[in-house]
Amino acid sequence: MNSSKSPGLAGFGVLKNTTCHTEKKISVFFSIIFMTVGILSNSLAIVILMKAYQRFRQKSKASFLLLASGLVVTDLFGHLINGAIAVFVYASDKDWIRFNQSNILCSVFGICMVFFGLCPLFLGSVMAVERCIGVTKPIFHSTKMTSRHVKMMLTMVCLFAVLIALLPILRFRAYQIQASRTWCFYKTEHVEDWEDRFYLLLFSCLGFLALAISFLCNAVTGITLLRVKFKSQQRQGRSHHFEMIIQLLAIMCVSCICWSPFLVTMARIGINEGGSKETCETILFALRMATWNQILDPWVYILLRKAVLKNLYKITSGCCGVQVINLHMWELSSIKNSLKVAAISESPGSSKQINLQPLTSMGQ
């Protein structure tokens, strides 16, 4: 009987002859650290994004903040669910036969691994598409990209990721316990059936497609913003675009670096017929690299904000002695304000409408 079609015994053949040995104490330590840091980082990022959403009611930025919040919330639940299951497995001495007789836990673990792996990549590409439309087609964006439409997009992305994660279950193909006995995923050992290869290749292709869409849309957005800036047109109101494109580029770079090893490894396993030469240590290294994506994503929104970047610029300028230039710029702005006030005061009938705020700033 094919073990992939017998849910009660799925993956237990791996437990008899495992070639991957991991140190329990070190693995538990890293799992707890990753889960704790990921939860704290994503929680802080959610607070920052929610405050920004309440503060900025611009449609062009509100839609981006909603999508970013969805990405961070997905990463948060990924750490909570996957991390809790992994810690439970380690705490139970990885004895799957004892606590996974009906293969329910392994199925849930595999579904969560696929969903929380693909969903952030999908959301990153959707955010890139949203920014590209907002910069290249601002009128269409302001009329069509409402918060209601953004929430519908979030729901559709999540449902599509859930569908991909449930495909093996719908096809009566149980998720497999991997050789390290610490996580569940598609079948990665002795892959000979075309359907098992299809799931691995589908996961890899969708991940690479999301990264490619993000790269293309971010490139178009960046080129458009640079052309507008060089032409000295519409400078006002564009600073938030640059802030968001910097964040998107950072997310794309983090996703490419963290997810590429895992996606390439799964693709190689799916392409190689009659088994794969990938070792358990290689797959575990790629998996841990992918886990770092959910830890680094929230720090993009924590660090790459306009207020933080301004403070960093001030600190850097102070260390490099650039504050003299800032002083001259302040003096020049004060002269311009004084000339403006003088012109208003000399105009007839406007002596009572003089704005005293520039004078106050000069006195300071």
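Is Arg173 buried or exposed? With a relative accessible area of 5%, Arg173 is buried, where buried stands for under 20% relative accessible area, exposed for over 50% and partly exposed for what lies in between (1.4 Å probe, protein chains only). The model is predicted, so local features need pLDDT of at least 70 and side-chain atom pairs count only at pLDDT 80 or more, while totals for chains, interfaces and linings use all residues. Residues are numbered from 1 along each chain as its sequence is written, and side-chain values use heavy atoms, with hydrogens and water left out.

Ile164 and Pro168 are both among the buried residues of helix 7, together with Val150, Leu154, Val157, Ala161 and Ala165. Just past the end of helix 7, Phe172 adopts a positive phi of about 60 degrees.

Next come the salt bridges, each defined as a side-chain nitrogen of Lys or Arg within 4 Å of a carboxyl oxygen of Asp or Glu. The count by this rule is 6. Arg173 takes part in a salt bridge with Asp193, at 3.2 Å from N to O. This pair links distant parts of the chain, 20 residues apart: Asp193 sits in the loop between strand 2 (184-185) and helix 8 (194-230), and Arg173 in the loop between helix 7 and strand 1 (176-177). Asp193 counts as partly exposed, at 25% relative accessibility.

Arg173 also forms a salt bridge with Glu195, with the closest N and O atoms 3.5 Å apart. Because Glu195 lies in helix 8 and Arg173 in the loop between helix 7 and strand 1, the pair ties together parts that are 22 residues apart in sequence. Both of these residues, Arg173 and Glu195, are buried. Salt bridges with shared partners join Arg171, Arg173, Asp193, Glu195 and Asp196 into one network.

Elsewhere, a salt bridge of 3.5 Å, N to O, brings together the side chains of Asp95 and Arg98. Asp95 is partly exposed, with a relative accessible area of 29%, and Arg98 is exposed, at 54%.

Note on methods
Helices (H or I, at least four residues) and strands (E, at least two) are DSSP runs, numbered from the N terminus.
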